[in-house]
Amino acid sequence: MTSSRYRWLVVAVFFVFMLLHQSDRLLIGPLTTPIMEEFGITRTQMGAVTTGALLIAAIMFPLWGYLYDRYARAKLLALASFLWGATTWLNAVVRVYPAFLVTRAATGIDDSSYPGLYSLISDYFGPKMRGKIYGLLQLTQPLGYLIGTILALALGGAIGWRNVFFLTGALGLVVAVAIFFSVREPQRGKSEPELENLDRIGIYRFDWKIALQLVRKRSLWPLFVQGFVGVFPWQVITFWFFNYLQTERGYSDDAVFATMVPAVLVLAAGYFVGGWLGDVLFKRTPRGRLIVCTVGVLTGAVLLYLTLNVPAGNQGLFLVMLVLTALFIPFASPNVVATIYDITLPEVRSTVMAMESFLESIGAALAPLMAGAIADQSTLGNAILLICTSAWLIGTVFLVIATYLIPRDIAVLRRQLRERADMEQRMAIG
C-alpha cells in the first residue's frame, strides 16, 4: 500500500472512530426526555449531567495533550476508544441519579482525546490540505448527532435508553482494537513543506522550552478566547434543541426527525465547505482561514436570531431558516484547528490544541447548566437564543483581532521549520 493510500486509510479509521464516538457522546441529547422521566429530575439537574462530563474532559485535556506530544499518539487513541466503551457501559448500569451523574462525568475522560488525533493527521497532510481534512473529520459531529437521534427514536422506545448505551459502548471497544492494529505513528513534522523532502528528520518530542515560548504567539490568545465563548452555542444546541422542538414548538417525534435530518446534513456539509474555503483563501493570504471563520460565525448568529423568531406554527419557514443557519455555523471549527497548526511546531501541537480544548471545555461545561437554569426561569427558546447569539458576537470580535495578528506568527513558524531543515541537511552531510 502506498504512503498516499495509507494516509487515507488512517483518515477513514479516524472518521469511523469520531463518528461512533460522537454518536455515543451526543446520544444523551435525544434521550434527555426519557432519562429525565425515569430519574424524576429537573432541567437544571439534567444540565448538570453534561456539565459534569465536560468538566472532567476539561481537567483531562492538559494531561492528554502532554502524553500525545511525549508518547505514541496512535496507541493512546486506542486507549481513549477503550475508555469510551468502558465508561459508557458503567453509565448504563447505574440505577439512581447521583450514580448516573458520576458515571456520566467519567465519560468525559475520553472526550478530551481529539488533540492527539488532529496532531497525528497533521503529520500525514500538509498545510494546504488540512482545512479540508479537518472539515471532513468534523462532519462526524453533526452526523453523529443524527445517528444518535435515529438510535434514540428507533431503539430508545423499543429497547430502552440503557441498552442503547450498551450498544454504543461495545462499538467503542471494537474501534479500540481497529486503531491499535491499523494506525502507524508518523514522524512529527514530516508533512511540512520544509521537511517533507528530507530523507530523514530528527525525532521531536514535547519540550518545555518550546511550550513556554507559545505565550509569545499573540494570535493564539484571541483564538483561545474565541474558543471559550464559541462552544457555548454548540453545547446548548446539541443538548437542548431536541427537547426545545418537542416541548416549546410542539413537534411530534416524526416532525423532529423531519426537521433535524436536513438541518444536520447541511450542518455536516458546512464543516467541509468551511474547511475547503479556508484552504482556498489561505493560498491567497495567511489571513484566509480566519476570514472564513469570521464570516461564518457572524452570519450564523444573525440567521439563528431570525430562525428562533419564526412563529411556532410555521414549520416550513422554520426549517428553511434552520437549514441556512446550519450551513454557516460550522465554518470556524476546521479553520481554527488548521490555524493553530499553522503557527505551532509539530512537537507541541497536541499540547496547544489541548490548551484550546481545555478552555473550550470550561465554556462548554457552563453552557448546558446555564441554559437549563435560564429555561426554568423563562423559556428554553430564550435560553438558546440569548446564549448562542451573545457568544457568537463576542467570538466575532476576537476572530477579527486574530485575523489581524496571524501573518506574523505564520511567518515565524515557517522560518523555524526552514532552520530545522537546514540543520537536518547539515547533520546528514556531516
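What is the mean pLDDT of the chain, and what percentage of its residues reach 70 or more?

1. Confidence. The chain has a mean pLDDT (the predictor's confidence in each residue, from 0 to 100) of 87, and 97% of its residues reach 70 or more. Within the chain, confidence is highest in helix H14 (residues 288–308), at a mean of 94, and lowest in helix H11 (residues 208–212), at 78. Helices here are DSSP runs (H or I, at least four residues), numbered from the N terminus.

2. Basis of the values. The model is predicted, and local features need pLDDT of at least 70, side-chain atom pairs count only at pLDDT 80 or more, and totals for chains, interfaces and linings use all residues. Residues are numbered from 1 along each chain as its sequence is written, and side-chain values use heavy atoms, with hydrogens and water left out.

3. Cavities and pockets: terms. Rolling a probe the size of a water molecule over the atoms shows where empty space is left. On a 1 Å grid over the protein atoms alone, a cavity is a set of points where a 1.4 Å probe fits but cannot get out, whereas a pocket is an open set with protein on both sides within 12 Å along at least five of seven lines; lining residues have an atom within 4 Å of a point. Grid points are joined across faces, edges and corners, and a volume is the space filled by probe spheres set on the points. By this rule there are three cavities of 30 Å³ or more.

4. The largest cavity. Its volume is about 720 Å³. The lining comprises 37 residues, and Gln141, Val231, Trp234, Ser333 and Glu360 lie nearest the centre. At least two lining residues come from each of H1, helix H3 (43–70), helix H7 (114–122), helix H9 (140–159), helix H12 (220–247), helix H16 (332–342) and helix H17 (349–377). H12 provides the largest share, seven residues. By class, the lining of the largest cavity has 20 nonpolar, 13 polar and four charged residues; Ala, Val, Leu, Ile, Met, Phe, Trp, Tyr, Cys and Pro count as nonpolar, Asp, Glu, Lys and Arg as charged, and the others, Gly among them, as polar.

5. The second largest cavity. This cavity holds about 250 Å³ of space. Ile237, Met260, Leu267, Leu322 and Ile329 lie nearest its centre, among 16 lining residues. Elements giving two or more residues to this lining are H9, H12, helix H13 (253–282) and helix H15 (315–328). The lining of the second largest cavity has 13 nonpolar and three polar residues, and no charged ones.

6. The largest pocket. The volume of the largest pocket is about 500 Å³. It is lined by 22 residues, and those closest to its centre are Tyr124, Gly126, Lys190, Ser191 and Glu196. Two or more lining residues are given by each of helix H1 (3–26), helix H8 (127–137) and helix H18 (380–429). The lining of the largest pocket has nine nonpolar, four polar and nine charged residues.

7. Helix H8. Why is H8 described as largely enclosed by the rest of the structure? Eight of its eleven residues are buried (under 20% relative accessible area, with exposed over 50% and partly exposed in between; 1.4 Å probe, protein chains only), so H8 is largely enclosed. The buried residues of H8 are Pro127, Arg130, Gly131, Lys132, Ile133, Tyr134, Gly135 and Leu137.

8. Helix H18. Cysteine 388 lies in this helix and is buried, at 0% relative accessibility. Cysteine 388 touches Pro233, Ile237 and Leu304 (contact means heavy atoms within 4.5 Å), not counting residues up to four places away in sequence. Cysteine 388 and tryptophan 234 are 154 residues apart in sequence and 8.1 Å apart in space, C-alpha to C-alpha. Threonine 396 is also in helix H18 and is buried at 10% relative accessible area. Leaving aside neighbours within four places in sequence, threonine 396 is in contact with Thr294, Val297 and Leu298.

9. Threonine 107. Threonine 107 occupies the loop between helix H5 (97–106) and helix H6 (108–111). This residue is buried, with a relative accessible area of 7%. Its side chain reaches the backbone oxygen of arginine 104 at 2.5 Å. Threonine 107 also touches Ala53, Thr87 and Thr88, residues up to four places away in sequence not being counted.

Methods
A polar contact is a pair of N or O atoms within 3.5 Å; within protein, one must be able to donate a hydrogen and the other to accept it, and residues adjacent in sequence count only if both atoms are side-chain atoms.
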